[in-house]
Amino acid sequence: MKIKKHKALSPSLFFFLLLVPTSTFSFMYYPLTGAKVIGSDGYLAIPVAFLFTIPLLLIATYFSYRYPGLTIIEYTPLVLGKFLGMVCNLLYLAVYFMLTVILLRDAIGLAYSFLLNRTPFFFINILMVGAALYLSYYGISSTARLASFLLPAIVFLGLMIFLSYQNWQVINVLPLCKQPLYTYIRGGALSLYVFYPLGLLFQAAAFTKRRKKIFSLSLLVLALVSGFYFLNFLGITGVFTAEGLTRYLWPNLEFVRTISFPFALFDDVGLILLVAWGVLAYSSTTILFFFLAHGLSQLTLKPGNAQSVASYQRILVVLGLITVATIQSIPNLDFLRARLNLFQIISGLILFGLSFLLLLTSLTRRYFARGKNNE
Amino acid sequence: MNKGLSLIKALLIWSLLLPVLSGCWDVVDIEKRELLTGLALDLTENSRVLLTAQIPVPRLILPSSEDPSSDQNFYTLSVQGATTLEAFNKFKSKTSGQIDTIKTNILIIGEKIAARGVKPYLDTIGRMPKFPVNSHLLLSRGEPGSLLQKEVASKTLPTFYLRDFLNLMNKRETVHPVKLWNFFYKLDNSAIDPFLPVLYYDSGEKIFILAGLAAFSGDKLAVFLTPEESKIYGILSSEQAEITLFTQWQKARFICVRYINSRVVYEWSPPQTIMIHLTAAGYLMEETGATLPLIPDHISKMEKALARQIKEDAEKLIRRLQAANSDLIGLGRVVRANHEGKWTEEYWRKLYPTLQIEVKVDFNLTRTGRLN
Amino acid sequence: MPPHTLQEKLSALLHSPWDLVRRPFTIERLQFELIYLKGLVKEERLDEAIIRPLQHFLTTTGPDSAQELLSIAHVFSSAFITSTETRTIESPEEAANLLLEGWALLLPLDSQFLTAVYLPGWTRRKPQEPTGEKSLRGPREGFTEDLLDNVTLIRRWIKDPNLRVEEKTIGKRTRTKVVLVFLADLASPTLVTEVNKRLDAIEIDAVLESGYLEELITDDRLTVFPLIQATERSDKVTAALLEGRVAILVDKSPSALVVPVTINELYQSPEDYYLGYWLGSLLRLIRLTGNNLAILLPGLYVALVQVNPELLPTRLMINIAGLRANVPFPLILEVAFIAFALEIFFESSIRLPQPVASVGGVVTGIVLGYASLQAGIVSSPTLVVMIVATISLYSGPNYSMSIAWRILKYFLLLGAALFGVFGLNLFAVLILAHTATLQSFGVSYLAPWAPLQPPALADGPLRKPLWLKKRRFSTYRPLDKKRQGNTRGEDSPALRKEGDEDKET
């Protein structure tokens with residue numbers, strides 16, 4: 001059987017492949033962390049998290065040069081050895097599996113609460129997972145094309161945030177920088193999960209031929225999302241205050257629901273935001289599913305087989321079923337939110353720990369290899 | 001393997017039929033929905049929650065309604081329960097259609113509930129996902145349920161009448177609209193207290209009147225403000241625009257100033273002094289001694305008189321609010337903005353009544369007409 | 001006895017059809033036979049193109065020399081027939097094929113070769129404005145059923161020696177002529193090779209219309225979306241060739257096929273470029289809005305009214321509730337009923353005889369609509385929504401695209417009816433996801449939206465001014481990207497000289 005190869009992504013497709021999941025993943029609830037940990041200037045957690053994420057991008061770019069055309073699943077065993085490499089790969093994939101589950105659970109929870117109260121949860125679950133599987137089946141370029149087409153939805157999100165400043169008061173975002181530095185660092189570190197989808201760069205870098213653009217594009221994504229989230233968080237705090245926003249499960253949705261244009265076409269603009277975000281969530285889930293299935297399929301393949309299409313498609317369906325089952329087993333959102341901190345810490349340790357471990361090991365091996373060559 | 005994949009593909013495609021074969025759980029025809037456009041919360045004598053809802057009859061509201069004999073284009077329902085949620089669930093058994101709060105524009109709270117503390121009663125409503133966050137809250141000094149049964153002279157649906165009244169910008173002088181999300185924001189915020197506009201009904205002219213404010217301390221009703229005091233509050237908070245004031249500037253001579261807008265700057269001098277710098281501007285509309293020509297010197301006297309009056313009224317209002325421990329203006333936010341360390345509500349509740357608050361007013365008459 | 005002369009072999013192949021004409025004649029004691037199919041050949045020209053030149057030739061040459069010349073086949077026809085195309089044929093099968101294509105055959109008696117003379121004389125329709133692709137401004141010349149006329153129409157636009165016209169014959173029984181037209185220095189060689197490859201791979205009995213080829217060479221046979229553009233307008237095809245695309249013209253079909261195509265292309269009309277960019281942009285926006293309205297409105301209406309009315313303004317919600325109070329059917333049935341009724345009416349209106357058409361319009365629109373409202377079968381908001389949606393569907397210039405949306409509209413309606421706005425949203429994204437997987441001859445169907453191509457995107461929903469379109473878009477990967485030089489407009493600052501204002505009076 002002839003193995004079809006994935007098409008290489010153009011820079012614009014690559015950009016959107018990273019932008020959509022990063023801007024969507026925690027959009028609805030991320031201010032809760034900064035508000036609870038820091039307080040009225042909780043929005044400063046975002047610039048701190050931005051700074052903390054840059055090393056991750058640098059490491060991913062380094063490995064894209066070191067092992068061109070290979071994903072993290074392929075080069076981890078080369079760097080760390082077979083057994084440790086397998087363990088690290090499984091942990092890495094587990095992080096993204098949890099990310100997918102959290103994103104889907106939120107999307108389904110939102111649809112269930114606001115739009116479809118009586119439809120059985122199981123149905124909405126199957127619908128969303130099935131729909132995401134459908135597109136990820138067709139490969140990375142179709143997935144990226146869909147993400148690229150959703151630029152208007154992202155612009156719409158930005159517009160809604162801008163309009164929500166209608167009720168903003170500067171006094172609600174004060175005092176500024178009156179807390180000890182440690183609080184801001186802690187808040188930023190705990191808010192890092194906002195940028196976890198950027199960790200897909202470790203896999204996505206193998207699908208683009210323009211290696212020189214990898215770092216600049218991913219940094220642009222990080223900068224855009226950080227800027228957007230910073231303004232967003234500032235807006236929410238200015239309208240609700242930090243104390244006020246902690247009452248909501250989805251503060252961003254409530255923020256947009258405060259928009260009041262009494263004589264406009266739609267009464268509740270916030271629910272339209274929900275629809276726009278839902279579309280982005282669907283696309284993000286598609287991207288996550290693709291990389292998960294692809295990563296799982298590569299666990300047993302030799303390096304260099306990254307481009308095989310058929311292998312990941314078989315895993316996709318099984319992955320979908322496992323995702324549905326996992327989501328069904330989560331009793332309610334409170335269960336997830338209560339464990340969000342734990343997830344953030346463990347995932348952060350895995351992602352950052354793994355990348356630094358890879359970097360150090362790779363550099364050490366190169367140093368010793370050079371030493372041997374010189375001898 | 002290929003056959004297996006084809007089988008799975010086929011199963012997936014056939015499974016798409018499932019939604020078609022299943023029921024449409026959320027499908028309810030629009031004419032079968034009973035919209036609660038207005039809701040009133042009150043307490044009965046034995047402290048049970050009394051909910052009253054106003055439900056429009058759509059076919060009687062249509063412009064081409066063929067039933068002119070019917071006077072009322074709405075009806076009301078009342079239910080009781082130990083809690084708000086228990087009472088609310090009883091609506092289902094009283095109507096044939098599906099109860100919907102998706103268009104509840106008006107929520108009236110009774111004085112009894114406000115005096116007890118609104119949080120336990122309002123919390124359920126705040127947690128209903130489909131309850132509109134931009135619905136207007138009002139307070140009634142009598143029985144709020146009875147207000148929902150009143151008709152208006154213009155034959156509009158009463159809740160529509162109130163909603164339009166509250167949404168229109170040019171009503172801002174007399175009306176300080178409070179939306180549900182705004183009320184919760186202040187309830188959750190330890191540095192500012194909420195208020196509610198007070199609703200009355202004039203049975204002679206068959207109209208609703210919004211006059212004065214009910215100031216809260218935390219979630220309990222603290223004090224009622226008169227309409228004049230609520231104007232001063234509007235100037236102090238600089239949230240309201242286009243206020244009209246009437247003041248004496250010379251013996252037996254009065255002026256009327258309209259479209260007063262203000263800007264407020266707070267100056268906090270720890271430990272206990274706040275200086276409120278108020279800069280207001282307005283148009284001179286009327287001068288009772290109009291037979292005498294106005295000169296620039298008169299204008300500065302008028303401005304000083306206005307500044308003096310606003311200062312006196314503002315300080316009087318602030319003292320009244322301090323006595324009731326109701327931080328309507330949100331001075332707590334000013335103190336918190338400059339506060340080092342952990343902010344607690346307890347700390348603020350103790351500090352607020354003891355604050356020295358001074359108001360400095362600068363008034364500018366921007367339109368005076370021709371002067372000599 | 002098996003036939004052994006060319007004449008006998010030809011007779012055996014043809015089996016004397018009713019329209020076959022066999023005219024034996026003698027000139028200068030030499031016998032000839034003229035064979036042709038009556039309807040295909042222009043009989044008036046036979047005398048002037050064949051008989052008289054032959055007569056003149058034989059008279060001047062003399063029968064003996066002529067007899068010698070008869071043996072030199074390739075000289076014979078070129079010696080006396082100059083006014084039209086000729087071929088010298090020795091094979092009876094080839095002769096029969098040419099006869100069936102409208103050639104007249106001149107057989108010298110007992111010769112082993114014959115001369116085929118091209119004298120087409122079948123009835124040809126004059127180029128007219130295509131009924132399905134009307135425009136406010138621009139040429140009214142649409143393609144006809146004659147392949148030569150169609151190629152000529154394109155040649156009259158493009159007088160570039162790089163214009164290639166390559167012929168193919170497809171269809172075992174119909175032997176339909178198909179030509180590929182492209183500009184050799186613009187169209188990507190990969191594209192041309194791919195088109196040739198797909199056409200050569202076709203094995204079919206008959207090709208009656210270009211639609212047959214369209215179905216056989218398309219990238220995805222199961223999709224409802226047209227992956228090949230079909231058009232009857234010569235200016236559209238010419239514009240496409242100038243973008244580096246390839247056109248396929250089929251004999252007996254007025255629809256030309258153009259490949260590759262993107263979804264953006266299917267919403268563009270040549271008159272956008274004839275009417276100025278403000279008006280052109282407005283028309284494009286109207287088209288896009290109209291199409292979106294047509295696709296989404298029924299589903300949105302059902303979703304908002306039946307499942308998620310919280311999104312509707314309060315008064316509108318109450319009005320709709322009041323108007324639907326007496327309708328006995330659920331909304332989805334009402335919508336389905338009107339949708340199917342409108343589909344039937346539209347289909348019937350194409351085939352209604354002219355005298356009946358106007359009365360039919362009145363009966364359908366006024367009487368039925370009004371009567372069904374009065375009877376309470378349907379409600380007025382539903383009627384308004386469905387009529388607006390159905391009419392808006394035809395705001396796009398491409399009929400195939402309208403058909404695709406006509407089908408998908410029901411898919412969206414299903415999603416909306418089952419799961420409200422969430423379902424409509426999900427099903428719409430599924431359609432979008434499906435289009436994201438489509439390609440047309442190697443070009444992404446969603447280009448220039450995905451992958452994002454900003455220069456081409458500026459010419460998407462709006463029309464880019466001509467003076468800004470200096471380079472060809474990379475969507476179709478043309479070989480020569482340069483379109484125009486620096487033509488400065490009269491309002492260009494560089495052209496204004498100092499002191500010019502002083503000279504104005």
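In this predicted model, the lining of the largest cavity comprises twelve nonpolar and two polar residues, with no charged residues. The volume of this cavity is about 140 Å³. Of its 14 lining residues, those closest to the centre are A:Leu274, A:Gly278, A:Val279, C:Phe422 and C:Asn425. Two or more lining residues come from each of helix 5 (82-115) and helix 13 (269-298) of chain A, and from helix 16 of chain C. Helix 13 of chain A contributes the most to the lining, with six residues. Across the whole structure, a search finds four cavities of 30 Å³ or more.

The contact of chain C with chain A is considered next. It involves 29 residues from chain C and 35 residues from chain A. About 2,800 Å² is buried between these chains, and carbon and sulfur atoms account for 74% of that area. C:Leu311, C:Phe419 and C:Phe422 provide 22% of the area that chain C buries against chain A, more than any other three residues. C:Phe422 is also listed among the residues closest to the centre of the largest cavity.

On chain C, helix 11 (277-307) and helix 16 (399-436) each give at least two residues to the side that touches chain A. Helix 16 of chain C gives the most, with eleven residues. By class, the side of chain C that touches chain A holds 20 nonpolar, eight polar and one charged residues.

The contact of chain A with chain B brings together 34 residues of chain A and 35 residues of chain B. One of the salt bridges between chain A and chain B joins the side chains of A:Arg247 and B:Asp188 at 2.7 Å, N to O. On the side of chain A that touches chain B, helix 5, helix 11 (214-245), helix 12 (251-257) and helix 14 (310-329) of chain A each supply at least two residues. Helix 11 of chain A provides the largest share of that side, five residues. The residues of this side fall into 16 nonpolar, ten polar and eight charged.

The table sets out the two interfaces.

| Interface | Buried area | Carbon and sulfur share | Salt bridges | Residue pairs in polar contact (both at pLDDT 80 or more) |
|---|---|---|---|---|
| Chain C and chain A | about 2,800 Å² | 74% | zero salt bridges | six residue pairs |
| Chain A and chain B | about 3,400 Å² | 55% | three salt bridges | 15 residue pairs |

Terms used. Residues are numbered from 1 along each chain as its sequence is written. Chains are lettered from A and ligands numbered from 1 in the order in which they are written. This is a predicted model: local features need pLDDT of at least 70, side-chain atom pairs count only at pLDDT 80 or more; totals for chains, interfaces and linings use all residues. Side-chain values use heavy atoms; hydrogens and water are left out. Contact means heavy atoms within 4.5 Å. Buried area is the accessible area (1.4 Å probe) that two parts lose on being put together, summed over both. A salt bridge is a side-chain nitrogen of Lys or Arg within 4 Å of a carboxyl oxygen of Asp or Glu. A polar contact is a pair of N or O atoms within 3.5 Å; within protein, one must be able to donate a hydrogen and the other to accept it, and residues adjacent in sequence count only if both atoms are side-chain atoms. Helices (H or I, at least four residues) and strands (E, at least two) are DSSP runs, numbered from the N terminus. Ala, Val, Leu, Ile, Met, Phe, Trp, Tyr, Cys and Pro count as nonpolar, Asp, Glu, Lys and Arg as charged, and the others, Gly among them, as polar. On a 1 Å grid over the protein atoms alone, a cavity is a set of points where a 1.4 Å probe fits but cannot get out, and a pocket is an open set with protein on both sides within 12 Å along at least five of seven lines; lining residues have an atom within 4 Å of a point. Grid points are joined across faces, edges and corners, and a volume is the space filled by probe spheres set on the points.
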